[in-house]
Amino acid sequence: MLRIRMISALSALALGLAILPAGAAEKPVALIIAQGGLGDQSYNDLAYSGFKKALAQDKLEGKAVESKDVVAQAADILRRASDAGFGLVVDLEYSHGDPLAAVAKDYPDTDYVILNQVKPGANVASILFQEQEGSYLAGALATLVAKDASIKGMSGKPVIGVIGGTKSVGIDKFIVGYIEGARAVDPNVEVKVAYSNNFGDPALGLQMAKAMFDGGANVVYQVAGGTGLGVIQAAKDAGKFAIGVDTDQDGVAPGAVLTSMIKRTDVAVETVMKDYAGHAFPGGKTVTLGLAQNGVGLSPMSHTKDKIPAATLAKVDDLKTKILSGEIKVWNAVDQGYPPFFK
């Protein structure tokens, strides 16, 4: 039986939580949604799909938790979820790392999962994705395509772009990998970099990407959640290419999304919930998902593959093989800090 601390119903409901009465669910799970919210067709939505699948497969009860001020309310959200009787709290919000580690100490009977970073605690499982590996391939592909004037809409010049949601090491991990992959196929590539400081504003993404395309970019990678939907629209309007992120966004604007750098948050959430339900929660451990584990990678390019020369696709496949073999070690901004080529 779970020990349930008493809190006011008003406080719980303010976060979309309900106090779980004794016996209502043996192992309830809370999924804390990150900035950008549900409906972003990206990071949050993919994770939520895995959450729902795990609830059904593992016969668990659970609830997704959203907050309009998810960053500022970090500790309150985590404590209220713990007090409301959830036995497992899966947190998608990057900024919650330190608050989660602190809260976890006060709730030793509750298990916690944090994505995209490593935090201490016997009841904390950390999940890391090697986003830099998939982003490296995206940068290489973007540059090769940009340089090929035979591809419709491409100028033939090595000019590409990337728009991040926030200036943070978690987002820069994608961007650094992208730039490194671009430089691997053309040391003279120009990579335009900008930050929206927002994960839920498609209109802003549209405006920023339009400026990049107007400035000569041929391909723009979006690492900005829901804001990135505007990047995709801008690519469609300009007759250029966008690169999607987290989930397979190729179908959002068929033909305008060159590829997507898929980050399998659904698999991560499913896996840790299955372990939890089976009394094998990986507390105190770090689960790493990269190219080798099929945790990241490029989409099948269902709408664009036939537009890209076979030699270009073969080059990207060769780079992937070299990453898998260890011949290429992609720079990890989280572990290694920032490289000289990224100012």
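Colleague: Which residue in S2 is the bridge partner of leucine 31?
Modeller: This is a predicted model. In it, leucine 31 has alanine 64 of S2 as its bridge partner. The two strands, S1 (residues 29–32) and S2 (residues 62–65), run parallel and are joined by four bridges.

Colleague: How does the chain get from S1 to S2?
Modeller: Through helix H2 (residues 43–57). This β-α-β crossover is right-handed.

Colleague: What is the strand order in the open sheet of six strands?
Modeller: Read S7-S6-S8-S9-S10-S12, with mixed pairing. S7 (190–195) and S12 (296–298) are the edges. Each has a single partner strand, so one side of each lacks a neighbour in the sheet. From one strand to the next, the twist averages 15°.

Colleague: How many bridges pair S9 with S10?
Modeller: Five, in the parallel sense, between S9 (residues 241–246) and S10 (residues 257–263). Valine 245, for one, has methionine 261 in S10 as its bridge partner.

Colleague: Which strands does H8 lie across?
Modeller: S6 (159–164), S8 (219–223), S9 and S10. H8 runs at about 160° to S9.

Colleague: What describes two packed helices?
Modeller: The angle between their axes, and the distance between those axes. Take H7 (residues 202–214) and H8 (residues 228–238): the angle is about 45° and the axes are 6 Å apart. That makes H7 oblique to H8. Their crossing is right-handed.

Colleague: Which residues of H7 and H8 meet?
Modeller: On H7, they include Leu206, Ala209 and Phe213. On H8, Leu229, Val231 and Ala234 are among them. By class, this contact has nine nonpolar, three polar and two charged residues.

Definitions and conventions. Residues numbered from 1 in each chain as written. Predicted model: local features only at pLDDT ≥ 70, side-chain atom pairs only at ≥ 80, totals over all residues. Heavy atoms only, no water. Axes fitted to C-alpha atoms, helices over the stretch in contact; angles between N-to-C directions. Parallel < 35°, antiparallel > 145°, perpendicular 65-115°, else oblique. Left-handed = near helix turned anticlockwise from the far one by under 90°. Contact = heavy atoms within 4.5 Å. Nonpolar A, V, L, I, M, F, W, Y, C, P; charged D, E, K, R; others polar. Pairing = 2+ DSSP bridges. Right-handed = clockwise from strand over helix to strand, strands pointing away.
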